Amino acid sequence: MTKLALRLLRHRPGSATATLIALTLGVLILMAMGSLVDAGLRHQPAPQRYAAADIVVARTEITFTDKEFDGETTTSRVRLPEPGTVPAALVNQVRAVPGVTAVATIPSTRPGQVEAILVKAGPEVDRATLDRLAASASARTFAASARGRAESSAATTALDLLVQVGASFGGYVVLLVIFVVAGLIGLSVRHRRRDLALLRAIGATPGQVRRMLVAEAGLISGVAVALGLPAGLLATGWLHGELLSRGFVPASVPIGPSPFAALAAALLITLVAMLAVVVAARRATAIRPTEALGEAAVEQSKPGMVRAVVGVVTLTGAFSAGGFAAGTGGMTAITGALGMLYLFVTAVALLAPWINSGAARLLAPILTMFAGTSGYLAAANLRANSRGMATVLTALVLSVGFGGSVWFLQDNLQRATVTQTRDGLLAQQAIAGPADLDEVRNRPGVTAVTGVRHTSVLIKIFDSAEPVSARAITPAGATDTMDLGVVQGDLAALAPDSMAVSELQASSNNWKVGDRPEIWLGDGTPARLRVAAIYTRGLAFGDVILDQRTLAPAPFDEVLIRADAPIPGAVPVDALTSQLATDMATSAWLNKLLVAVMIGYAALAAANAMILAALARSRELATLRLAGTTRRQVGRMVNAEQAALLGVALAIGGVIAAVTLTVVVHALTGSFLPYVPPLGWAAILGGATLLAMTTTILPVRRLLGVPAVKALGSRE
Amino acid sequence: MSTTYAVRVEQLVRTYRSGRETVTALAGVDAGFARGTFTAVMGPSGSGKSTLLQTAAGLDRPTSGRVWIGDTELSRLSETKLTKLRRDRIGFVFQSYNLIAALTVRENIELPLRLAGARPDRRWLDEVVERVGLGPRLRHRPAELSGGQQQRVAIARALAARPDVIFSDEPTGALDSRTAAEVLTLLRSVVDAYGQTVIMVTHDAGAASYADQALHMSDGRIDRALAPVG
């Protein structure tokens, strides 16, 4: 069967090429993402402060254990956003462990705690006892090259970023590849119905047809892996260079060719191709041998009720997923929006046959009015071919939906953050760094001073926890330096046993003023804090505001000053806001790059699907021409069809993008009116139109260049 | 008793659903086709003759009624078993689009054997190729052949597995009259030379004159029962 598959492939390279391109790019992207994850997981940064120790006892994670309904327990570990601590009482116990020759400590500002215990020990040291002691304090032991992991440094932060970015975008790319490849393979089977029916008629069993299709997909994925891996290597190198020069990773973190990433990308892509072909082959098995005869009546199979029901359920799910997806911030919001988008597109893919035929009925009078007979034919074609065009519609909707939502979401986040900061800062000046607050407060003209520390807290989500950005402030007079947009409670009531939370966190956790939820401070210390106020400007000021006395003492990151006269050492807050905008643009670069890659991939898939669909029409167009349709009329018919399809895709894609964007932006900023740059609209509308027109009109022009009689005799 | 027939059908009914209507293509057909005979199934278009051929050949399943190929009854066979039976015991020659464009003439002829995983019988294949007159064309692809030559390849393929019966649906429908005569003469000769059973659907009385007997259909029923052509 493999040999036969190969022969058939060589004879009909069009659809195979489309699948090959999609799979190769999939391998390339996954290889690059996998290399990031691999580097993030496996690189051991060189220990700095802990270099002198043989073994380090430190706490870097918080563990959540949860009982499932069926009695099984699940454990999830979350890295602490700040250095954790271990009890000072542990030091003596560690010193008593056999084989330990000396013990030193890294002090912590939290009383009774130390940041790390540095152990000097010979090779005969009792590691098991040390491990047990560490575990009793929720800590771990780190030895040899693992010591660097115990430290909190630029390197460890970068490693976390690599894992997070690589895994989440890699995951979404896998979904995208599944969509695209399933569509293309389905299309290639659909276009070869006659060949497959003939094979069935002369004696190929359904199983043999299936095996042939699987062998074919296997061959294509093999070639895709062979081409994609070297390309992925180049892409990884380029990405590393960019990440390095933009300061996302320090030079000490290597991102290199990863055999694991290569293996994972190769396996995943092959698996995706196999899955897609197994689904498509099920449909191919239903091809009846009589179809090869082409003359007798053939029952048209109707899209099933199951498909319709699943489609409607998915659509409902997409709407309700929106609010949930938005319950998180920043990067997570973008991946959440992606999830919602996928649900919408899945629903469209499932419902596409009905959408197409409905649209054809609706548009028939309009098409006939504008394009006469050609328009009438176009509407008839769209209706008759509603299933065949499902892949094209889905791919177009995917591109428009992607382009119109996730890309703009980034812009919206940036804008909203800058606006909230500008509106919320009542202070006119700021010192970017620690300062003696009392000294500043006593200067002439100063009415209020607030010290601010940037920190993170962990908030429970399901059976795990998620780091949330927070600020620790000096509450006295804070209402004169910052306007958080408090909607409930009072910021003035902020005390060491309370906190203020953003509306986003309050609503997603169902917290009200006066509640006492448990959260974890950045170093892993649990804290039950009363909600003193709920505010709206969470993007600018973080989702949680703490009294700085709640945390262990540490220097301020910035000092906000409300004063009539210039204070030496302070800068106007405008400088702070513009710096913020620059910083955000830099950090947005990575998101924008990855989103651009996904939009590009979806657009390429749409182009592939449309070219394939156009080229598959040689017989149909030849029949029309022999029946007396002029070349001009055929051209106009194809244009009219394409315009209708494009209109439907733009309308649906636009609605999906608008709903996704509005839901997520509303949750994040409170505004129901997402910001969309005018050029962005133009780029999406223009891009989709250009794509739809060139990928159909050029192939059709080529088909029309062949004499009709010759085209009729040729294969479909 | 059934073994004297290569193919036999009993109370064959086939209906199609077309929208809300039910179209009856076969309305209860009984017929038996004796071994070594060349039968023409005739009738106007829409009379059910192609449907009769497809259901009798196991390409399509009847709504009710039974079909025997030799002494094997088809209605209880699974799709895979039915395919294997077609492969081993039935040959097909369609009106057009008979050949896989990607394969050479030789590969097309050997395809059913390959699908069956059987070792091709060289001497038999050489003889078949000789009879259909395709010797010098074995390495060509279908696109390089004329319509008549393509039908010859299809006949050679149908003969390759030494089937019980060859079904042919308008084999000359797309050919000019001289080429058509050549193809029909070829079909006639395989009946005479090998005792092959051939059942051919045609609406052309000229084509039917090559057969031993003819059967006329209209409106899904047998109009005139099997009678010698003459």
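Two strands count as paired if DSSP finds at least two bridges between them. In this predicted model, strand S4 (residues 64-69) and strand S5 of chain B meet that condition, being joined by two bridges and running antiparallel. Within this pair, Trp68(B) stands opposite Glu73(B) of S5(B).

S4(B) and S5(B) belong to an open sheet of four strands, whose order is S2-S1-S4-S5 in chain B and whose pairing is antiparallel. The edges are taken by S2 and by S5 (72-73) of chain B; each has a single partner strand, so one side of each is left without a neighbour in the sheet.

Chain B has another open sheet, this one of six strands in the order S6-S7-S8-S3-S9-S10, and its pairing is mixed. Here strand S6 (90-93) and strand S10 (221-228) of chain B are the edge strands, and because each has a single partner strand, one side of each lacks a neighbour in the sheet. From one strand to the next, the twist averages 15°.

At the S6 end of this sheet, S6(B) pairs with strand S7 (residues 165-169) of chain B in the parallel sense, over four bridges. Val93(B) stands opposite Ser168(B), which lies in S7(B). Across S6 and S7 of chain B lies helix H5 (residues 147-160) of chain B, which runs at about 175° to S6(B).

H5(B) also packs against a helix. Its partner is helix H6 (residues 177-194) of chain B, at an angle of about 15° and with the axes 9 Å apart. Angles under 35 degrees count as roughly parallel, and H5(B) and H6(B) are therefore roughly parallel to each other. H5(B) passes H6(B) in a right-handed crossing. Among the residues that make the contact are Ile155(B) and Leu159(B) of H5(B), together with Leu186(B) and Val190(B) of H6(B). By class, the residues of this contact are six nonpolar, four polar and two charged.

Helix H2 (residues 13-42) and helix H8 (residues 206-245) of chain A pack at an angle of about 40°, and their axes are 7 Å apart. That angle makes H2(A) oblique to H8(A). The crossing of H2(A) and H8(A) is right-handed. In their contact there are 16 nonpolar and seven polar residues, and no charged residues.

How do the chains meet? Contact between them involves 29 residues of chain B and 28 residues of chain A. On the chain B side, the elements that give two or more residues are strand S1 (5-18), strand S2 (21-34), helix H1 (49-56), helix H2 (79-89) and helix H3 (105-116). H2(B) gives the most to this side, with six residues. The chain B residues that touch chain A divide into 15 nonpolar, six polar and eight charged.

Two residues of chain A deserve a look at the backbone. Most residues other than glycine have a negative phi. Ser138(A), which is not a glycine, has a positive phi near 60°. Ser138(A) is found in the loop between helix H4 (127-136) and strand S7 (140-143) of chain A. It counts as partly exposed because it has 16 C-beta neighbours inside 10 Å. Ala144(A) is not a glycine either, and its phi is positive at about 50°. Ala144(A) sits in the loop between S7 and helix H5 (147-150) of chain A. Is Ala144(A) buried or exposed? Ala144(A) is exposed, because 10 other C-beta atoms lie within 10 Å, and the cut-off for exposed is 12 or fewer.

Conventions. Residues numbered from 1 in each chain as written. Chains lettered and ligands numbered in written order. Predicted model: local features only at pLDDT ≥ 70, side-chain atom pairs only at ≥ 80, totals over all residues. Axes fitted to C-alpha atoms, helices over the stretch in contact; angles between N-to-C directions. Contact = placed C-beta atoms within 7 Å. Nonpolar A, V, L, I, M, F, W, Y, C, P; charged D, E, K, R; others polar. Parallel < 35°, antiparallel > 145°, perpendicular 65-115°, else oblique. Left-handed = near helix turned anticlockwise from the far one by under 90°. Buried ≥ 20, exposed ≤ 12 C-beta atoms within 10 Å, placed from the backbone.
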